[in-house]
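Visitor: Good morning. Could we go through this structure together, one feature at a time?
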Amino acid sequence: MQHRSVKYVLFISISTAIILGITFLITGYINNEGFNPSNDGVILAQSYRIINGEIPHTDFISIAPVFSGILHSIHFYSPFPLVVSGRIFVLIEYYIYSVLWVYLLMIIFLKGSRKDYFHIFLPLIIAAFLLNLNTYHLYPWTSIDGILFSMLGIFFYFKAKNLAKNPWKYFLFIIALICVSLGSLAKQSFIFTALFIYIVIILEFIKEKKMRVLPLVIIMGASPLIAYLTFLLINNNLSDFIQQITGRTEFFKTTIRMYVITFVNSKLIVLYAFSIFILIFDFYSRRRNIINQKGWRAFLTFNNNKLLKYYISFITLITIFLSYWFILHDNYHSLPFEFFWIMLMVLFISLYRRALSNKQLLVCVSGLILAWSASISHEANTPVYTSGILVTCIIILIYNLLKQIGVFPLGLKFRLFLYVSVLVIMHGFFFAANYGQSKYNYRELSSKYLSKNVKDVLPEFGDIKTNPNTYNYYADFINIFQKLNMKDKFVLLPNNAIIYPVLDSRNPFPIDWMQGAEFVDSEEKLLEMISRVIVIKNIYLLIDRFDSKEMAFGFKIKNYDELNYPYMKVIKNKCTKIHFNSKYFDIYKSKSDEK
């Protein structure tokens with residue numbers, strides 16, 4: 001893409017970001033997301049530990065490498081309230097990787113004329129950003145960091161690939177490898193995206209017969225991984241690291257089984273079955289030379305432009321409908337899988353039609369691998385954070401197929417109709433996204449029912465609103481915190497990781513979010529560490545009486561089963577329950593005589 005074209009990209013990207021930012025500010029987007037005292041704050045709590053000198057995987061347990069904790073340490077030096085700063089940063093992350101992806105699609109699939117930026121680039125940016133953002137996480141999270149840095153790696157790889165014999169090519173390859181390495185240090189599942197980029201770069205060097213340079217490029221690109229490994233070896237905690245990050249590994253269940261289940265149970269299974277049937281029939285037809293015959297056999301093939309137009313029209317309508325449905329409903333688990341399967345089907349058809357260059361195929365595969373890597377999780381086992389990546393790729397693949405079968409260039413009337421349609425769809429999409437966000441918040445009430453401001457009890461929340469139940473819960477906690485003078489000597493269980501950094505109070509336990517899934521296979525180490533803390537320190541242990549994850553919707557008595565909360569037995573056996581007039585907490589105190 002020419003230098004002048006890059007200026008248009010920057011101008012549109014920055015202008016759009018400013019307009020979106022002003023819109024979010026006016027509508028109170030960040031504040032109206034509400035707050036839930038569960039995993040909102042886990043990464044910030046980890047950052048707080050790191051800036052206070054705690055050693056990852058030794059002083060505290062982490063089920064992922066801690067690059068996200070290091071990255072989000074910047075919020076403690078931000079002029080904004082801590083929680084607000086984290087949310088602004090996440091919005092920026094979503095926007096950056098959405099823009100980078102759409103930009104890649106533009107330079108690889110389209111010529112990138114000036115009019116393309118307004119007619120195609122701008123709508124795709126908005127679609128990608130709003131779909132990626134959706135109504136799910138708006139707080140620092142490992143998956144979002146992993147996608148951002150993996151996308152940066154993919155972006156720099158393709159930029160390097162376009163430089164031909166330019167010496168800067170190898171420098172960009174190194175940057176690409178550094179980025180995907182950092183992505184895998186945010187969350188280990190992104191190692192698959194990193195491996196993909198490592199492999200294609202190695203193949204690039206083999207193809208160009210530059211094997212002497214390759215080892216240096218690989219070593220420099222892998223420097224974040226080497227540095228992390230060195231850190232683990234110096235602190236003699238490599239075995240703890242391996243145990244902690246592999247404890248939740250259910251590889252087959254989260255990477256293959258879930259995809260098979262969602263495919264079989266899909267409401268679009270008939271469409272997928274039809275697509276597979278046609279592709280298989282096409283393959284058979286080619287072998288038997290049936291394609292050149294007349295009748296239904298000649299019609300029932302993706303080589304038939306008429307059938308392909310019908311199919312593409314239907315796929316386009318389905319994609320638009322599902323995109324609207326996605327942002328208007330609280331369905332972040334199943335619908336992203338539909339986008340994944342639709343993209344895969346359109347990609348197979350494009351391959352069958354020989355409509356893709358090697359570079360176009362490579363960028364599509366990188367998007368699929370990134371979505372797949374992002375979905376590997378014990379709990380949020382879905383490609384939800386990459387929904388915009390998948391949908392925009394579907395649109396570009398459809399555009400590419402239509403171009404191949406001669407639909408473009410369009411006549412003046414149809415072109416005008418198309419521009420107006422895109423304009424209407426994108427405006428509707430923007431308003432629908434704003435409505436969906438206000439109606440569906442993560443484990444929280446709709447924004448119109450968020451009548452309380454959390455900063456009244458915890459200033460580091462800024463103007464973030466919440467429901468009356470959660471507000472009263474925190475008001476009760478702050479009352480206890482102040483009366484018992486608990487700074488640096490309390491633990492709030494089993495949720496509320498955010499409470500330690502916002503109160504600038506060190507957590508004496510090795511985990512901030514004390515859920516069973518956060519210490520799988522490290523139970524013995526956890527129990528040993530908390531037992532030692534209870535023996536040697538004077539601390540207060542506040543235990544939720546109600547399930548604070550669901551408190552927005554009512555008061556449900558919390559059941560602490562031994563499987564997910566094995567430490568509760570240790571606390572009740574080794575600590576003394578104290579009487580305090582509290583609606584929300586049972587309070588225990590360690591039996592240590594240390595003052």
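Predicted model: local features only at pLDDT ≥ 70, side-chain atom pairs only at ≥ 80, totals over all residues.

Visitor: How many residues does helix α15 have, and how far does it reach?
Guide: Helix α15 covers residues 305–328, which is 24 residues. From its first C-alpha to its last it reaches 34 Å, close to the 34 Å expected at 1.5 Å a residue.

Visitor: What about helix α17, how many residues are there?
Guide: Helix α17 has 18 residues, numbered 358–375. Its span from first C-alpha to last is 26 Å, close to the expected 26 Å.

Visitor: And how many residues of α17 are buried?
Guide: The count is 13 of its 18 residues, so α17 is mostly covered. Cys364 is found in this helix, and at 0% relative accessibility Cys364 counts as buried.

Visitor: What separates the C-alpha atoms of Cys364 and Thr319?
Guide: They are separated by 17 Å, and the two residues are 45 residues apart along the chain. Thr319 is one of the buried residues of α15.

Visitor: Let us change topic. How many aromatic pairs are there?
Guide: A search of the whole structure finds 47 aromatic pairs. One of them joins Tyr259 and Phe337 in an edge-to-face arrangement, with 4.9 Å from centre to centre and 80° between the planes.

Visitor: Where do Tyr259 and Phe337 lie?
Guide: Tyr259 is in helix α12 (residues 251–264) and Phe337 is in helix α16 (residues 334–352), so the pair ties together parts that are 78 residues apart in sequence.

Visitor: Are those two buried or exposed?
Guide: Tyr259 is buried, and Phe337 is buried too.

Visitor: Which residues do ring pairs link into a cluster?
Guide: The cluster includes Phe35, Phe461, Tyr473, Tyr474, Phe477 and Phe481. Also among its members are Phe490, Tyr500, Phe546, Phe555, Tyr584 and Phe585.

Visitor: Which lysines lie over the face of a tyrosine?
Guide: Lys558 lies over the face of Tyr560, at 6.0 Å from the ring centre. Lys589 lies over the face of Tyr540, at 5.6 Å from the ring centre.

Visitor: Now the backbone, please. Which peptide bond is cis?
Guide: The bond from Leu493 to Pro494 is cis, with omega near 0°. Pro494 is found in the loop between β3 (490–493) and α21 (499–502).

Visitor: What else is in that loop between β3 and α21?
Guide: Asn496 is found there. Asn496 has a positive phi of about 70° although it is not a glycine.

Visitor: What about Arg354, what is its phi?
Guide: Phi of Arg354 is near 55°, which is also a positive value in a residue other than glycine. Arg354 is found in the loop between α16 and α17.

Visitor: Are Arg354 and Asn496 buried or exposed?
Guide: Arg354 is exposed, with a relative accessible area of 64%, whereas Asn496 is buried, at 0%.

Visitor: Finally, which residues form a nonpolar patch on the surface?
Guide: Ile191, Leu195, Ile199, Leu203, Ile206 and Met211 form it, and together they have about 530 Å² of accessible area.

Visitor: Where does Ile191 lie, and what is its relative accessible area?
Guide: Ile191 lies in helix α8 (residues 191–208). Its relative accessible area is 30%, so Ile191 is partly exposed.

Definitions and conventions
Residues numbered from 1 in each chain as written. Heavy atoms only, no water. Phe/Tyr/Trp six-rings, centres within 6.5 Å; stacked < 30°, edge-to-face > 60°. Helix = DSSP H or I, 4+ residues; strand = E, 2+ residues; numbered from the N terminus. Buried < 20%, exposed > 50% of the residue type's maximum accessible area, 1.4 Å probe, protein only. Lys NZ or Arg CZ within 6 Å of the ring centre and 35° of its normal. Patch = residues over 30% accessible without salt bridge, like charges linked within 9 Å, V, L, I, M, F, W, Y side chains within 5 Å. Areas by Shrake-Rupley, 256 points an atom, 1.4 Å probe, with all protein chains shown as cover. Salt bridge = Lys/Arg side-chain N within 4 Å of Asp/Glu carboxyl O. Expected span 1.5 Å × (residues − 1).
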